[in-house]
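Please read them with the sequence and structure displayed.

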Amino acid sequence: MSITGSEARTQQQLSATREPAERPPSSVGRGMFASLRIRNYRLFFSGQIVSNTGTWMQRIAQDWLVFELSGYDPVALGVAVALQFTPTLLLSLWAGVLADRVDKRKLLIAIQTGNFVVAGVLGVLDVTGLVQLWHVYALAFGLGALSAMEVPTRQSFVAEMVGPRQVPNAVALNSSVFNMARIVGPAIAGFAIVLVGTGWLFIANAVSTLAVIAGLALMRPKELFSAPGVARAKGQLREGLRYVRGHRELLLVLVLVFFVSTFGITFFTSLAIVAANVFDTRADGYGLLSTVLAVGTFTGALASARRGSRRAPSVRLLLLSAFALGAIETIAAFMPSYVAFAVALVPLGFATITFLNTANALVQTSVAPRMRGRVMGLYVLVLIGGNPIGGPMTGWLAGTLGGRSPFYVGGLAALVAVVVCALVLRRARKAPLATEVKLG
């Protein structure tokens, strides 16, 4: 087999890009909050608590602002979602390449500064009464571009803060922060929109990004588990894609994540449609549904954190959680009342976050440090990149088949994806590739 110039250079750099030795296990230990014993991660974790709350406040406010400006048109909401996530298709792979080359901490500071500007501009336009629908669309696209750069960088930075043994625990704790914010943020947003309007929520989100910037700036770089950046060379993006293709179970995980996230996990958008068009509630009703869903995801994140400190993630758990997600989502679609629907969102949230945390930890713990940024860029692409498809599809389904249809169509699609991937995995394990890395 021939070796390209890029591959030869990469092989020469391997000795220089190996992950540094871990801290002694006693310095971290085990337990649900094991990663918080690491100072750099504590700073990151604290900033995320504040920033993610602001992010979810903005998410709810943006959806509702689009709804109001468009005359409560579900298709307009789908367009806003598509614009916000389209940059992921264009930038996330290159963001992964960049993350492997440069100092991830400094890159994250620059990206968060951009988030501060975008949220602040939208807030000022809204508060002053100048905002128009095209403003929201344009700024949603800008926010999406920053997110496309930030997510793979942040995901790959987790291992540098805590070391490889604590990655599953840290990933789960990140999810717990994210989903705690999804409890607090929508609850605040639902009532704040009624009291003060959407504009001040955008400004609050802009201010919340300062907590992340401060945490990153206060970190001690010498205590990071970082490897030297990969030298700039041609073909590094293709090298990352070949790496994934050569690890069949890793490829299967990414395929499953794409189909479940694109067609199954659309309820973060369709909740607004269900709240307004099925159960005839206002912003506070939408916020409450988002909060109930977050209760399930927060509980699932804590369970994942406890599990992550004790055992490695497995493909079996990934498949089981994806199956549960599809089944519960399908059942929730046919709940007759607002209360019954809300109750069904709790186990749906639990299954969803178990699936997402397991997939994230599987990918991060199975790749070489020198490839982590590029592989996480691909992971983010398949996780979020389907939203330009799923967003408009959700609006079209709701407008054509009714507000419940995104739930039962998405649930059935997830079930089909799980069954197909399970059958392919069973066959693949009977004839593994020479380069195969077992994921569990």
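1. On terms: a helix here is a DSSP run of H or I with at least four residues, and helices are numbered from the N terminus. The model under discussion is predicted.

2. Cavities. Five cavities of 30 Å³ or more are present in the structure. The largest cavity holds about 1,300 Å³ of space. Its lining comprises 49 residues, of which W56, V151, R154, F178 and I384 are the closest to its centre.

3. Lining of the largest cavity. The greatest contribution comes from helix α2 (residues 39-69), which supplies nine residues. By residue class, the lining consists of 28 polar, 17 nonpolar and four charged residues.

4. Location of the largest cavity. Because domain 1 (38-224) and domain 2 (235-431) both contribute residues to the lining, the largest cavity lies between them.

5. Packing of two helices. The axes of helix α9 (residues 248-264) and helix α14 (residues 372-384) are 8 Å apart, and the two helices pack at an angle of about 30 degrees. Angles under 35 degrees count as roughly parallel, and α9 and α14 are therefore roughly parallel to each other.

6. Residues at the helix contact. On the α9 side, L250, L254, V257, F258 and S261 take part; they meet V375, L378, Y379, V382 and L383 of α14. The residues of this contact of α9 with α14 comprise nine nonpolar and one polar, with no charged residue.

Methods
Residues are numbered from 1 along each chain as its sequence is written. This is a predicted model: local features need pLDDT of at least 70, side-chain atom pairs count only at pLDDT 80 or more; totals for chains, interfaces and linings use all residues. Side-chain values use heavy atoms; hydrogens and water are left out. On a 1 Å grid over the protein atoms alone, a cavity is a set of points where a 1.4 Å probe fits but cannot get out, and a pocket is an open set with protein on both sides within 12 Å along at least five of seven lines; lining residues have an atom within 4 Å of a point. Grid points are joined across faces, edges and corners, and a volume is the space filled by probe spheres set on the points. Ala, Val, Leu, Ile, Met, Phe, Trp, Tyr, Cys and Pro count as nonpolar, Asp, Glu, Lys and Arg as charged, and the others, Gly among them, as polar. Domain bounds come from an automatic or database domain assignment. Axes are lines fitted to C-alpha atoms, for helices over the stretch in contact, and angles run from 0 to 180 degrees between N-to-C directions. Angles under 35 degrees count as roughly parallel, over 145 as roughly antiparallel, 65 to 115 as roughly perpendicular and the rest as oblique. Contact means heavy atoms within 4.5 Å.
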